[in-house]
Amino acid sequence: MPSMTTRKARWRAPSVLPGFGLTFGFSLAWLSLIVLIPLSTLFLKSAGMGWQAFVDVGFSERALTAYRLSFGTAIAAAFVNAVFGLLVAWVLVRYEFPGKRVISALVDLPFALPTAVAGIALTALYAPSGWVGQYLDPLGIKVAFTPIGITVALVFIGLPFVVRSVEPVLADLGKDVEEAAATLGASRAQTFARVIFPAILPALFTGFALAFARGVGEYGSVIFISGNMPGRTEIAPLLIVTQLEQYNYNGATAIAMVMMLVSFAVLFTLNALQSIRRRRLGA
Amino acid sequence: MKRQSPSTESSTESRTAQILLIALALAFLAFFLMLPLIAVFSEALKQGLAPFLDAVSNPDALSAIRLTLIIAAISVPLNMVFGLAASWAITKFSFPGKNLLLTLIDLPFSVSPVVSGLIFVLLFGAQGLLGPWLSAHGLKIIFAVPGIILATVFITFPFVARELIPLMMEQGKDDEEAALSLGASGWQTFWHVTLPNIRWGLLYGVLLCNARAMGEFGAVSVVSGHIRGETNTMPLHVEILYNEYDFVGAFAVASLLAALALVTLVLKTVLEWRFDLHSGARH
């Protein structure tokens, strides 16, 4: 592209097509009105409450417990999804079996199904009297209304992120490198560990991070199955809602700010890692 | 048919291993995706068709359905216009700061739904920055329909733009330049050249945007105030019925949303097959 632009810029005005002012201006105005100005109120409100007040509510015992729960369950769910998401992507890319296209479409269900619907459905399954819960309860395994239940909901929500991140990379991975490895005497397990896995690791990590970021902020699918007991199964987004219902706007803002900074940090790290990798590959 | 050379054999798994992996992947998907979906419909029809029909034709349910349709009918076209404008500016012109603009458009994806609602409460709520001014002029945004629309537009902000930008980037601007050089006006070029080129991608983005707009729970829950018959959308109505232990009612309304999700998945898959559209990892 750059060479084309400079060539054009020499003998033609850079804006051959009309409408830049209109579309750019409208996009920027709409972006500011809907996203940037509303988001900036969070920073304004945080700055306005003073450092000590911010720390008092943003890092209170209850808030810390909620962060631990939210981040802990989101990491656990992202790990489960990394393992099974990779398996699902592998099976969809590499093998043929009846109903594959339907299964492939179904992977996106968590993107399409409203979170509240997922939440009540999972609760119906995993409550002690539920379809699955009734078999787990006699074994002493409680899923609903415990952190395990929260993790189950986040596994549901996060699965497509891993599958859809890994799938295209796995499909692009030529068979020839694997055949070369096999010709050189590598076993199938060695080929996977030394050739395939390193190639898909960045995509797997992207999927993991996306699933994690989504899980930390997730609300609708979690609040039904979690039971919402303060100090035990109260996730951070729920704590924000609780603070709002008690008209504690400072509390809600501080917790939201902490969560948002952590999500941004995760995504920023992710982008930085990807650009380092791209530079190393020289692409 | 591929010739079975020794190297192909050693670069794939034995049939037994393949079947085991496929079975494991399918078992995971059955457990985490199929079972919740089946649970929604089966719980909705648990006591037969009559209670189901009662629940979905109840005046509160009907008003929730109406509100959900109104919200989607307003917020989806708004984001469609934004998506078209933003992708025109971004893909047809080169200007500094383009990557920053792309990052900002994606921002709503990395904000928790609850925080997305909170920022509008901080801006327009009774205690918010513009709250006193709004109440002095008799305007109500929070706990009213405008607030729900704002939160929904925020949540679904990137959907259309994200589908269109890669598509229009790939198509370049040769067609448009040809049309203009043949004497077409800017609008004629857009209507007769650009729009036909991107219509299926646009439809794809609108489809995903609509599914999220109708199903959003967390953000809408924070700004709605849950006033029955007034500010209750379908997902919020599901929550109210569920918390009142009206499980058949909750699952009946939820099954309508689940049906919407299935229709979305089918249309999405058809578009992907027919028009070779990709399925991204970040919805």
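This is a predicted model: local features need pLDDT of at least 70, side-chain atom pairs count only at pLDDT 80 or more; totals for chains, interfaces and linings use all residues.
Along its principal axes, the C-alpha trace of chain B spans about 70 × 60 × 30 Å. Of the 283 residues in chain B, 45% are buried, and if we look at the contacts in chain B with a separation of 6 or more, 74% of them are accounted for by residues 24 or more positions apart.

Turning to the domains, the assignment for chain B gives domain 1 as residues 1-44 and domain 2 as residues 51-275, with 34 Å between their centres, taken over C-alpha atoms. How many residues of domain 1 of chain B are in contact with domain 2 of chain B? Five are, and they meet eight residues of domain 2; on the domain 1 side of that contact, four residues are nonpolar, none is polar and one is charged. Chain A is likewise divided, into domain 1, covering 1-48, and domain 2, covering 51-281, and here the centres, again taken over C-alpha atoms, are separated by 33 Å.

Now to the contact between the chains, which takes 79 residues from chain A and 77 residues from chain B. On the side of chain A that touches chain B, the element giving the most is helix H2, residues 20-48, with 15 residues, and the residues of this side divide into 58 nonpolar, 14 polar and seven charged.

That brings me to the largest nonpolar core, which holds 160 residues. Helix H4 of chain A, residues 61-94, supplies the largest share of this core, namely 16 residues. Which members touch the most other members of the core? They are Val117(A), Ile120(A) and Ile240(A) from chain A, together with Leu118(B) and Ala254(B) from chain B, so that the core, by the definition of buried residues joined through C-beta atoms within 7 Å, has members in both chains.

I would like to end on one of these residues, Ala254(B), with its neighbours within four places in sequence left aside. Ala254(B) is then in contact with Val117(A) and Ile120(A) across in chain A, and with Val40(B), Ala44(B) and Val238(B) in its own chain.

Technical notes: Residues are numbered from 1 along each chain as its sequence is written. Chains are lettered from A and ligands numbered from 1 in the order in which they are written. Domain bounds come from an automatic or database domain assignment. A residue is buried if 20 or more other C-beta atoms lie within 10 Å of its own, exposed if 12 or fewer, and partly exposed in between; C-beta atoms are placed from the backbone. Helices (H or I, at least four residues) and strands (E, at least two) are DSSP runs, numbered from the N terminus. Two residues are in contact if their C-beta atoms, placed from the backbone, lie within 7 Å. Ala, Val, Leu, Ile, Met, Phe, Trp, Tyr, Cys and Pro count as nonpolar, Asp, Glu, Lys and Arg as charged, and the others, Gly among them, as polar.
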